[in-house]
Amino acid sequence: FPFPYTPYRIQEQFMEALYGALEAGRVGIFESPTGTGKSLSLICGALSWLRDWEEKRQQEEARLLALGAGGQDGLTPQQARPGSADTAGQPDWVTAFVQKKEERDMVDRLKEEQIRRKKREDRLEKIRHNVHLKYTAKRKRCEEDEAKRLLQLSKEALSQGAGDDALDQLDHNEEELILAEYESDDEKKVVSGLEEDDDDLEEEHVTKIYYCSRTHSQLSQFVREVQKSPFGKDTRLVALGSRQNLCVNEEVRRLGALQLINDRCMEMQKNKHEKKSNEENEGKKRRVSHTVCPFYSYEQMQFLRDEVLVEVQDIEQLVSLGRETKACPYYGSRFAIPAAQLVVLPYHMLLHEPTRNAAGIKLKDQVVIIDEAHNLIDTITCIYSAEVSGSQLCCAHSQLSQYMERYRKRLKAKNLMYIKQILYLLEQFVAMLGGNVNQNPGCQAVSQTGTVLKSINDFLFQSQTDNINLFKVQRYCEKSLISRKLFGFVERYGDPASAVKTNKENQKLAGLQNFLLNLQQGSDKEGDPPVEVEHDQLRTASPLMQIEGFLSALTNANQDGRVILNRQGTVSQSSLKFLLLNPAVHFAKVVEECHAVIIAGGTMQPVADFREQLLCCAGVDPARIVEFSCGHVIPPENILPIILCSGPSNQQLEFTYQTRDLPQMMDETGRILCNLCNVIPGGVVCFFPSYEYEKQVYGHWEKTGLLSRLAAKKKIFQEPKKANQVEQVLVEYAKCIKRCSQTGGQMTGALLLSVVGGKMSEGINFSDDLGRCVIMVGMPYPNIRSPELQEKMTWLDKTMPRAAGQAPSRVLIENLCMKAVNQSIGRAIRHQKDFASVLLLDHRYARPAIFNKLPQWIRERTQVKPAFGSAFAELRKVRTCLSYVL
């Protein structure tokens, strides 16, 4: 395998196993700890396979083309024996003739593909080595910009003094709010924006690798690794993202909310295609509402596509290139998908089927690599789940009612029919929460509070909406862009402070304005903070957009999800949530269509969830599943994992819900930390099961004086709840450790009190002195009283077989706990020369079922210590061996 430096042995093993899985078309679960060069191993292993695959395919094509050129055409009827027939009753000559015709057709198709591929490669090579072409294209763009500017100046000069016309034009702005006639429920979607006769549109999707990860920063980091790899110069890579990340039109970007950006972009495209017909009507002035996007230029996007394919670029570089070339990076990058060899994209774009289809991603016979996949099941569950609040339902009903009343005479019959259906759905949903859409949701008290779970069918039946075809309503919302029209309507008339031209209009819209005012005033009341958050969201996006997601979720199969009715104090605080129980139903298409799927991560243990809940439920043959887990590159002596069963005063460590609040348990935890902070230099990171427990323990230590004893050795930091404060805390934490290591003295570093599943348990590197010891207080089991978790447990017990005598629900609880533990303790060892201690404070970690769910590289080095004394001795010994300097 080509590699930028001599690979570790475990990297070679990883690449060999990856190559084998791709070659055999397997579904692989690959685990490689952080710091072992996983990204580079994925790149070199996967792209080596792709290179060999393409070579073999081209050799096969050349062989078939040679056969075709050799004149071995199909048999003619006269050449075949007329008397013979095959088993199906067809004469031999007919069968042979059909087979030969298929072969000739295949040869012709291969010839066309070869010509197209050669044309593409020549074009890219030309761009790669001809700088003059770039300057020519840039000069052409400048000339076009200057021509547009002069044309605009001319139009402004002609329109001077036309005050009345300008006023009429302003009146016409409202036309954009009117829904276009809805033709048919079965109308085919029109793919807009492209010339149909262009050869590039017919370009076949070459065999490629789709690589997806959780965040854009992780994707950018992966692209930089590709750039540094031996494949960086020759790989055709395209990075995909949302419009929010890739749009370069400042007018659209200012809308903020993703859904608004999407809708505005689609509307501008539609305007582009209506532009010609509008310009033909010379007697009518073209409306300002028909703004087109200046970056949506097919020619410039083609140029951008070629630039992307010539040189590997991440999202930031792609956006810069889009601004420079005045081409849309969002669509330009999508044009590059067919010819790309490596497509880098976020989870949602690949796992959400409607988004995948809209992006033009075709998975048939392709390879998918899902990195950072430890939360893959939760990710799919979240993507296909949806929640709407009572205030959103009431607000959407009020907005839509006002919209329908204002434009009733302008709307076609089918539009009115669907709007009335949506209004009815909203009324019934609010009624299910115990409210009335015609009253302020913030003032309506809910009589029967609590949480109720229902199947989809039961919910639709009890809300009396089972007679409405939700598939048709969903399709109508998508095609009519009603949520965008409604947002424009509210934006224009919904703000009570905005100036509306006539008293008559003021009267017509008083209801909507008063409702929004009441909603805002109601949210300001003391003790009602959820509505305040909700109202803030209403200012950035139409509530109907969120409701559309909920309606779409209700179209899932009845057995695959549940509807949660969460009734709180008022209707506005109450909510409806769709919970997806079976993520495999949405992952099935990915594994069915793809040649191979690789699920990779730094910590994948325990893998039973992936195998049972995701892959087997998705219909994957167990023989197709392959698992690979490699060790770490650090020497065995560089990590000391200890399961501690009791503390310094022989108090058994068992942090259950019943015992963890006891003063003696909190005292024992404090004594352990005091002893550790005396001998461990640098940074110590201590994870608690929840924010509430961390706060409780901190308060107890303050009262007993343990906190001041800890603070004498380590400066104490606490993980903040607000995400925007995390960076500041980490910077101060790192500064303190560095200062202590340089100055010496009694203070030896810092202690960071963190929370499992919080801001610092994933994605944060506590490398070197930032994390010389990681401590896990108790076992962070999820809250089994949660209705969602209880429903998931019930569903698993009904649908999954028992594993090793354990109920599937029990396995789920243990797996959720250990996934969180494994993510947290993996924060410390981040590279080959790093070293750290890991302490698990709870005797239950020593139980075989739990112990075996630790990552293999930690498990094989873990020591179980019944007493604190022997554990403390090990820590002191390790400190001496590694020349720790206090």
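Biologist: What does the chain average in pLDDT?

Modeller: pLDDT is the predictor's confidence in each residue, from 0 to 100. The chain averages 78, and 77% of the residues score at least 70. In this predicted model, local features need pLDDT of at least 70, side-chain atom pairs count only at 80 or more, and totals for chains, interfaces and linings use all residues. Residues are numbered from 1 along each chain as its sequence is written, and side-chain values use heavy atoms, without hydrogens and water.

Biologist: Where does pLDDT stay under 50?

Modeller: Where pLDDT is low, the predicted coordinates should not be read in detail. One such stretch is residues 72–87, with 20 contacts (heavy atoms within 4.5 Å) beyond four places in sequence.

Biologist: How many cavities of 30 Å³ or more does the structure hold?

Modeller: Rolling a probe the size of a water molecule over the atoms shows where empty space is left. A cavity is a set of points, on a 1 Å grid over the protein atoms alone, where a 1.4 Å probe fits but cannot get out; lining residues have an atom within 4 Å of a point. A volume is the space filled by probe spheres set on the points, which are joined across faces, edges and corners. The structure holds 3.

Biologist: Which residues lie nearest the centre of the largest cavity?

Modeller: Cys-247, Asn-249, Cys-265, Cys-293 and Cys-328, out of 15 lining residues.

Biologist: Which residues line the second largest cavity?

Modeller: Among them are Leu-42, Ile-209, Tyr-211 and Phe-222. This cavity holds about 50 Å³ of space.

Definitions and conventions:
1 Å grid on protein atoms, 1.4 Å probe; cavity = no way out; pocket = protein on both sides within 12 Å on 5 of 7 lines; lining within 4 Å.
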